[in-house]
Amino acid sequence: MNADAPIPSAIEVVGLTKRYGAGKPAVDNINLRIASGSYCCLLGPSGCGKSTTLRMIAGHESVSSGDVLLENRNITNLPAAERGTAMMFQSFALFPHLSALDNVAFSLKMKGVDKAARQAKAQDLLERVAMGHLAARKPGELSGGQQQRVALARALITQPRALLLDEPLSALDPFLRIQMRAELRRWQKELGLTFIHVTHSQEEAMALADTMVVMNHGIIEQSGSPHTVYNKPLNEFVARFMGGHNVIETPAGKIGVRTDQTRVAKADAAHIAGLPSIGALVSDVEYQGTYVLLGLQNPNAAHAVVSSAEYSVMLSEQQFAATPFAVGDAVQLAWTPESAHALQA
Ligand SMILES: Nc1ncnc2c1ncn2[C@@H]1O[C@H](COP(=O)(O)OP(=O)(O)OP(=O)(O)O)[C@@H](O)[C@H]1O
């Protein structure tokens, strides 16, 4: 294959819009290409339109305008079952009265596939997700992680070209969530399938995605690799939503500087002279184990509006031990030109 050839896109959405009523659309004219065989996370705060976008791709929600293409085929008006996509839900939506095997085989039963053939296929898929030995159990007799594997096998039985996952880990406890997250990633790589996963967790998206799509108020604020989105947030919303950044007003406009790259020194220290800086007051000192997190306020901010820290600086334990700071200290926050990047207005 020509190395310069563009990677084919599994899913493409063009001018996709959803209006539920008068007012601003829930999804507002978005354009997105998701590379074939990649893991894409749709991410954003509650109500930003990520689930609506996924449901329009799945065919569970009608489109107000725009198109959804799967491998260059326009699927916008096809019923969900005929699109070549499969959906896995937050609650897994397993039938409680059916065994794991019958849950997985269910959609083949609906298609009229005979019992022996559908059970053989379902057993094969359960083996692939290491659940073959529990095929006779009902969902209530399985752990959350095991139910998730059954739900995955059930979604895969229709041989989808893309798997759509709506908050698939949010019903799990935090420990299992991290374990199942690694499993999802492994399955996606093994299957070579395109996954589109909706989450409100930055950490989950960073851990899983080849491409992160950050949404807000129905539009895409930024899409790119986790590394790019984290290190080069395009604007203030993305910088604040992703976290780990200070947003600083400068005469040339707002800039983003990572909290671990923001420097801090006592107000009268000379050693950061020459670097751009602002004055601040230490408002919190939090010990976090391997590092200490300083919370800081702009000293000019009106006291009435000051509630939480405006800036943060992450210092290693050793740095903090060498130069401790206390609440109330007047300091300078400084940054090197390389560590700052301009945020679009
Ligand atoms: N069936 C509906 N009828 C009317 N408005 C809806 C409907 N479904 C969603 N909305 C609205 O559309 C907007 C986007 O909703 P959506 O569920 O896509 O957001 P989300 O980013 O997935 O949020 P969450 O993380 O809370 O699930 C919200 O303002 C929501 O209230």
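## Exercises on a predicted model

In β15, Leu293 is the bridge partner of Glu286. Keep in mind that this model is predicted. Let's work through a few exercises.

**Exercise 1.** Find out how many bridges join strand β14 to strand β15, and which way the two run.

*Solution.* Start with the ranges: β14 covers residues 277-287 and β15 covers residues 291-297. Next, count the links: 6 bridges join them, and the strands run antiparallel.

**Exercise 2.** Work out which strands stand at the edges of the open sheet of 5 strands.

*Solution.* First, write down the order, β13-β17-β14-β15-β16, with antiparallel pairing. Then look at both ends: β13 (263-266) and β16 (311-316) each have a single partner strand, so one side of each is left without a neighbour in the sheet.

**Exercise 3.** Decide whether Leu208 is buried or exposed.

*Solution.* Locate Leu208 first: you'll find it in helix α6 (residues 202-208). Now apply the cut-off: a residue counts as buried if 20 or more other C-beta atoms lie within 10 Å of its own. Leu208 has 23, so it's buried. Leaving aside residues up to four places away in sequence, Leu208 touches Tyr39, Cys41, Arg181, Leu184, Arg185 and His197.

**Exercise 4.** Sort the shell around the ligand by class.

*Solution.* Begin with who is there: the residues around the ligand include Tyr20, Ala26, Lys50, Ser51, Thr52 and His200. Then tally the whole shell: 3 nonpolar, 7 polar and 1 charged.

Key. Residues numbered from 1 in each chain as written. Predicted model: local features only at pLDDT ≥ 70, side-chain atom pairs only at ≥ 80, totals over all residues. Pairing = 2+ DSSP bridges. Helix = DSSP H or I, 4+ residues; strand = E, 2+ residues; numbered from the N terminus. Near = placed C-beta within 6 Å. Nonpolar A, V, L, I, M, F, W, Y, C, P; charged D, E, K, R; others polar. Buried ≥ 20, exposed ≤ 12 C-beta atoms within 10 Å, placed from the backbone. Contact = placed C-beta atoms within 7 Å.
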